[in-house]
Amino acid sequence: ERVPGVVWMNEVDRDDPKRTHCIYVAPQLEELLGYQPQEWMSDDDLWQRVVVAEDREAALAANDAADETGILSMEYRARRRDGGIVWIHDEAVLIPAENGRPAYWQGVMVDITPQRAQDAALHELTESLGGIFNASPLGIIVVEPDGRVRHWNPAAERMFGWTASETVGQPLPYVPPEKKEEFADLMSREL
């Protein structure tokens, strides 16, 4: 109960291996989703109802695929009891039946909402910078330490006459002979 997530165990139904029944869920469930562990364990389909509608089909497909592989790994948005939305990363493994004991799934749900927010912010920043890169009237060329072109914007295409598809991944198209030593020195420095 000190794990930074919600540990859970689902027993596999002996008559229908596609069905499971939650036999344990950690008390952290209340902090994550607002439900008491006993509520969760007494309603086998509650987990499906908390998955937001747009993610439910993919979550159910991942759950079905896990029945075949014995490994579950999925991410989905869940609606908390108070209406809030959290992103959950859910991992589990199937523990096979043994000596009369039924098979069961042992897993953990982890709140990844902060990571998803950071990913969205990074995506937005990348999009903004990409817009600036493409709209700049100045030729912008990004060169890797080995001298290969990583980025070549539209203004560089207009200035030098080579397209990005012709230059990206290739050595810088032209370094004047009198600048080759200076260029090599610049590329050898840590920037």
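Predicted model: local features only at pLDDT ≥ 70, side-chain atom pairs only at ≥ 80, totals over all residues.
## A residue to start with

Is R19 buried, partly exposed or exposed? With a relative accessible area of 36%, R19 is partly exposed.

## The overall picture

The protein is built with eight helices and seven strands. Its radius of gyration is 26 Å, well over the 16 Å that the globule rule gives for 191 residues, so the protein is more spread out than a compact globule. You can see the proportions in the C-alpha trace, which spans about 80 × 40 × 30 Å along its principal axes.

Of the 191 residues, 28% are buried. The accessible surface comes to about 12500 Å², and carbon and sulfur atoms account for 54% of that area. Turning to contacts with a separation of 6 or more, 37% of them are between residues 24 or more positions apart.

## Charges

How many positive and negative side chains does the protein have? There are 18 positive and 35 negative ones, and the centres of the two sets lie 2 Å apart. Side chains of opposite charge can pair when their charged atoms come close. In this model, the count of salt bridges comes to ten.

## Bridges from the loop between β1 and β2

One of these salt bridges joins the side chains of K18 and E68, at 3.6 Å from N to O. K18 sits in the loop between β1 (6-12) and β2 (20-25), while E68 belongs to helix α4 (residues 53-69), so the pair ties together parts that are 50 residues apart in sequence. K18 is partly exposed, at 48% relative accessible area, and E68 counts as exposed, at 65%. The two residues also belong to a network of salt bridges that links K18, D67 and E68.

Now back to R19, which forms a salt bridge with D45, where the closest N and O atoms are 3.5 Å apart. This pair, too, links distant parts of the chain: R19 is in the loop between β1 and β2, and D45 is in the loop between α2 (37-42) and α3 (46-50), 26 residues apart. Like R19 with its 36%, D45 is partly exposed, with a relative accessible area of 29%.

## A bridge between R49 and D43

R49 and D43 form another salt bridge, and here the closest N and O atoms are 2.3 Å apart. R49 is partly exposed, with a relative accessible area of 48%. D43 also counts as partly exposed, at 25% relative accessibility.

Notes: Residues numbered from 1 in each chain as written. Heavy atoms only, no water. Helix = DSSP H or I, 4+ residues; strand = E, 2+ residues; numbered from the N terminus. Rg over C-alpha atoms; globule rule 2.2 N^0.38 Å. Buried < 20%, exposed > 50% of the residue type's maximum accessible area, 1.4 Å probe, protein only. Contact = heavy atoms within 4.5 Å. Areas by Shrake-Rupley, 256 points an atom, 1.4 Å probe, with all protein chains shown as cover. Lys, Arg positive; Asp, Glu negative; His and termini not counted. Charge placed at Lys NZ, Arg CZ, Asp CG, Glu CD. Salt bridge = Lys/Arg side-chain N within 4 Å of Asp/Glu carboxyl O.
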